[in-house]
Each structure stands twice: as C-alpha cells, then as structure tokens.
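Dear colleague,

I am passing on the structure we spoke of, with the sequence alongside. Please keep in mind while reading that this is a predicted model. My notes on what was found follow below.

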Amino acid sequence: EDSFDQDQEQEQADWMSILKKSEEVPEEKQVFINDSVHKNIKVPPLCRKIIDTAEFGRLRGIHQLGTARYVYPCATHTRFEHCVGVMHLAGWYVRELRHPNGDPELGSFCNKKDELCVMLAGLCHDLGHGPFSHLWEAFVREARPGYEWSHEDASLRMFTYLIEENDLWPLFLKHGLTENDLTFIKELIHGPLVEGEGYVARKPDKYFLYEIVANKVTGVDVDKFDYMVRDNRALNIGLTFDYTRYVEMTHVKRHNGKTRLVLETKEASNTRKLFEDRARLHRQGYQHRVIKLIDRMVLDILLAADQHLQICRDKQGNFVRMSEACDDMFAYTQLTDEHVLQSIRNSRGPELAKARELCKRIARRQLYVKVGESVDVKHLPVKHQELERLLEKTVQEEAKLIEEGDLVIVKTEISSGKSKEKDLLFIDSPMKEKRIHFVNSQELKDLYRMNVKEVMVVLRPNDEAKLQEAQVLVESWTKQVQQLGEQTNGHAD
C-alpha cells in the first residue's frame, strides 16, 4: 500500500508540474493559423508581431481581387490571408531546398536567418496595396497625371513605417537581424533598390533566395503559387499547374558565378501549365468583361469623390486627398475598400452626388455598356492616348446626343507574364554533373501564343438613345483605327 500511495503522490506531483509549466506561457508562444488553402500555417514569433499590428491588419479590408466579387460572389478573400499564405510558402520552399536530398553545399550558405528574412518578405510583400488592390494604382495615375507610384514602392514604405510605429526594431535585433538583413528583406520584396544596380544585401552564393518571393528573373515565385490557388478557389476556373511538384523538382546549382534555382528538364511541361493557367485566370477572371466595366465605374467613383471625401487625415489632423494618401503612411492606413465606398454611400452633400449615384447604379446592376466589338491593337504602334484623341475627334465631328466624357476606352492586356526576357534554367539530371541549359519562357509561351491586347469602348450614361448613336460612332471610330493600322503597316513594308 505504501508503494501504491507513493506512486499516486508522484503521479500527482508530475501532473502539478505539467500544469504549472502550461501556465507559464512564454512571451513568444507558438501560433498556428488555420488557412483554407494551406491548412495549418506555423507562424514564427517575429512574423506574428507584424501580423498583430494595425498596419498589417488593414489588409483584412483590402480585397485581393478588387471588384471581382461583383461578378464572382465568392471572390471576397483579402490581401491579409494571401500575405500569410506567401509567408508560409516562402519558408516551405527554403526548407525544401535545404532538404538532405538537395544540394549538399546549400546548408553551408543558407541558414535559419535567411529563411526568416524570406518569410518576412513574403508576409510583407503586399503591405502597400490600396483599396481595390491593383485598381488603386490606376486611380492614382488618373488623379495625378505624370505621378509615378506603385504598390511595390508603397510596400517598402509601409514596412519601414510599421517597424517604426510599433517599435519593432528591438525585436528584430533580438532575433539576430541587422540593418543589412532589413535591406535584404526589402530587396526580396521589391528587387534591386537602386535602378540599374544589382542586389547588395546578399552575395552571389545566396542569389537563389531572390528568386523565391518576387522573382525578377523568371516571374515564377511563391506569390504566384499562392494567389493562383487562392483565387481559383473563389473563381472556380480551374488550374492544371502543380506548384508542389515544381518545388520538388527545383534544385540549387551554381551558374555563371551565382547560385540559381534550376529545374529538372522533365518539369518544362508543368511550367508551361503555370503560364497557361495565369492567362486563363486573367481572361475568365481578373479581366472578365463585366469586371472591367465595374472597374471603370469604381474608378469614376473615386475620381468624383477625391477632392471632396474627407476620410483621410495626417497626424496633425489635416485633410488628405485619397489620391495623395499614398505619400503619407499614417493617412494611407485609414483606407480600405468598404470604408471608402460606405463613406460615399452614406454622404449627404451635393458635391458627392455623382459618386453616390454611381454606387447606386452598381448596386442596381445598371452598369456601363460595352459598345461594339473589342478592337485588337496588339500590332498597332500607337499609344492609348492617341486612340482616346481619335475617339474624342469622332464625337466632336459626328455626335448629336453623345457628349464629351460619355464614351471611354477600356483596355485588356493578357499574356503569360512580364514582357522582358525571363530565362528558366534546366538540368537533365540533378544528381550528376550535367550541363545546365536554358529554356526561354518565351518559347514556353509560344506553345499556346497567349498575347492579347484589346480595347473596348464603353458608354457611361444609362440612356438607350445615346446607346444607339454610340454604336454608330464606335463603328466609325473602329474603321479609322483599322485604317491607321493599315497605313502604319504599309509604311513599315
């Protein structure tokens, strides 16, 4: 009995010890996020500190696909979950490359700090997106002609602002990160920070790390892996590319003095599927005809409200125009999709009447109307502004009901990716010393020849009489555009 009692006391003591330890929650406890795409995502403590800030939390209000939810009701996911997903894939990619079956030299020049930096870059790569995602960049361009701004540049500024505003630099130092590592993270997000110069934060033996989050060489990266899968879940268009296979077929090899990501030759067909899937997502999803019409309506709403809607203020309390908020990160953090639209819908002043009416038209499905057929301008060496001037001239000379501003040109551009040369490296046998060779992504793209550049003319007023006249005007304009193309081609011959 004494032995039994001693065992019982010892067991109780053990349980008390376990309970005591469970109550001692460490400052940086392990956190998992249950993601709809990647399931359980393990979040590093430093990444969690960034996620738990107002600046990063703003991304919960920035829809990943902008206005696509008006056509695809399930397209309501946000930049928040996309960034978390890219963080996860970035870390997973690095760990796969460091697998024992990979390059035996890799472990000597890719460490845990590099992995953390790559994950931080994946997490923060879209911090600079404005309301309605990419549509905001078009809004800033139209509201401030000649002003050059991109969400990539804003992401760097917001990343710096987030660290300063939340006093996170001591935590970065605690995790062993330096100013050079901060530069490395920014380069991973943006590419080289000085135009015309290369990367500076990591030497050539770590060059392959720059190909993981925002790949400026081939355009194939974990950003695409996540958004294509995540977007397709909402759009249900269909994917054939397998990013897990792509990663498993990737190796790190030295090439021309740098470490590069090199694919096994048999992966070329799967890589082709990525370009095909991306083009299909654009054609049937991102640049769907009705989405383009609603994009134009939201642009007009933002432009009409820009000088009057007072929802952004700087730290001194001064009113900041929406189109200028991207110059002030304090004001920029105040902008989200619904905050902008609801502020316009709930306004009462006459100065916002036009913007309110357009909001109502979207809600009532009284959308702008496409007039005539789309015009192929792929081989037409004229700028978009010239097409607009030709349309204005046609209206001035031939219109009776149509007024200036009633018609607007909307363009559609679809390709496999960026237009610059992007070479993918392949190797026949990763386990043997074999020649690394090129398979230019242009060659992969030519397999299905996806290169679309079209414009369509859109009628803004909801007026049947104007629509009938617009059809005649657009037919006349289309003939002039075609003649312009024939004249140009004739001179070229």
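The largest cavity is lined by Y93, E211, N215, T218, V220, Y246, T250, L261, V262, L263, L424 and L425, and the elements that give two or more residues to this lining are β4 (258-264) and β7 (423-427). Of these, β4 supplies the largest share, three residues.

Turning to the aromatic side chains, a search of the whole structure finds 15 aromatic pairs. The rings of F225 and Y243 have their centres 5.7 Å apart and their planes at 20°, so this pair is stacked; because F225 lies in helix α11 (residues 222-235) and Y243 in helix α12 (residues 243-248), the pair ties together parts that are 18 residues apart in sequence. F225 also meets Y246, with ring centres 5.7 Å apart but planes at 70°, so that pair is edge-to-face. F225 is buried, with a relative accessible area of 2%, and Y246 is buried too, at 5%. Ring pairs link W92, F225, F241, Y243 and Y246 into a cluster.

Charged groups are also found over rings: R202 lies over the face of F184, 4.0 Å from the ring centre, while the charged end of K258 sits over the ring of Y207, at 4.3 Å from its centre.

Finally, helix α4 is mostly covered, with 16 of its 19 residues buried.

With best wishes

Definitions and conventions: Residues are numbered from 1 along each chain as its sequence is written. This is a predicted model: local features need pLDDT of at least 70, side-chain atom pairs count only at pLDDT 80 or more; totals for chains, interfaces and linings use all residues. Side-chain values use heavy atoms; hydrogens and water are left out. On a 1 Å grid over the protein atoms alone, a cavity is a set of points where a 1.4 Å probe fits but cannot get out, and a pocket is an open set with protein on both sides within 12 Å along at least five of seven lines; lining residues have an atom within 4 Å of a point. Helices (H or I, at least four residues) and strands (E, at least two) are DSSP runs, numbered from the N terminus. Buried means under 20% relative accessible area, exposed over 50%, partly exposed in between (1.4 Å probe, protein chains only). Rings of Phe, Tyr and Trp (its six-membered ring) pair if their centres lie within 6.5 Å; planes under 30 degrees apart count as stacked, over 60 as edge-to-face and the rest as tilted. A charge sits over a ring if NZ of Lys or CZ of Arg is within 6 Å of the ring centre and within 35 degrees of the ring normal.
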